[in-house]
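Have the structure open as you read.

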Amino acid sequence: QVHLVESGGGSVQAGGSLRLSCLASGGAASGNPEYTNCMGWFRQAPGKGREPIAIIWRGEKAGYDDSVEGRFTISRNVEATDVEATLSLQMDNLKPEDTALYYCAARRSGFGCTLGAFYDFWGQGTQVTVSK
């Protein structure tokens, strides 16, 4: 099974920055060699549904939700180790409305890599809290 483990969440004041990381592994062993081609970040605020905020295709082409465009930057590094990839999300100029549980996700296939696509693998999430 593909394993995604997020870290880097925390509490910050409005205008501050945080950098989230997601360590990805298990794809080769579980027969999912292409999952690092399409990875993304999602978030779920209290009382709301989970929403996509940033995706990246083959570490090259990124897409963002309008709510984070220009403030967040997604990136991906592929590793030749047990950790097969590291997905990052640099979050600058944070706002109170960015408060949420942030999830890392990946698609089994690299095709159809969009914000609205179905994602097969998920991490447990890391909490981000932004105060006024």
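Arg108 and Asp120 make a salt bridge, with 3.9 Å between the closest N and O atoms; the term covers a side-chain nitrogen of Lys or Arg within 4 Å of a carboxyl oxygen of Asp or Glu. Both residues sit in the loop between E9 and strand E10 (121–122), so the pair ties together parts that are twelve residues apart in sequence. This is a predicted model, where local features need pLDDT of at least 70 and side-chain atom pairs count only at pLDDT 80 or more, while totals for chains, interfaces and linings use all residues. Numbering starts from 1 along each chain as its sequence is written, and side-chain values use heavy atoms, leaving out hydrogens and water.

**Exposure of that pair**
- Arg108 counts as partly exposed at 43% relative accessibility; on this scale, buried is under 20% relative accessible area, exposed is over 50%, and partly exposed lies in between (1.4 Å probe, protein chains only).
- Asp120 is partly exposed too, at 29%.

**The other salt bridges**
- By this rule, the count comes to four salt bridges.
- Asp98 and Arg71 form one of them, their closest N and O atoms lying 2.7 Å apart.
- That pair links distant parts of the chain, 27 residues apart: Asp98 is in the loop between strand E8 (85–91) and strand E9 (100–106), and Arg71 is in the loop between strand E6 (61–64) and E7.
- Asp98 is buried, with a relative accessible area of 0%, and Arg71 is buried at 10%.
- Glu51 and Arg43 also meet through their side chains in a salt bridge, at 2.9 Å from N to O.
- Here Arg43 is buried at 5%, whereas Glu51 is partly exposed at 32%.
- Arg43, Glu51, Arg71 and Asp98 are linked in a network of salt bridges.

**The sheet**
- Four strands make an open, antiparallel sheet in the order E1-E3-E8-E7; strands (E, at least two residues) are DSSP runs numbered from the N terminus, and two of them pair if DSSP finds at least two bridges between them.
- Its edges are strand E1 (3–7) and strand E7 (72–78), each of which pairs on one side only.
- From one strand to the next, the twist averages 15 degrees, taken between the N-to-C directions of lines fitted to C-alpha atoms, on a scale from 0 to 180 degrees.
- E1 pairs with strand E3 (residues 18–25) in the antiparallel sense over five bridges.
- Leu4 stands opposite Ala24 in E3.
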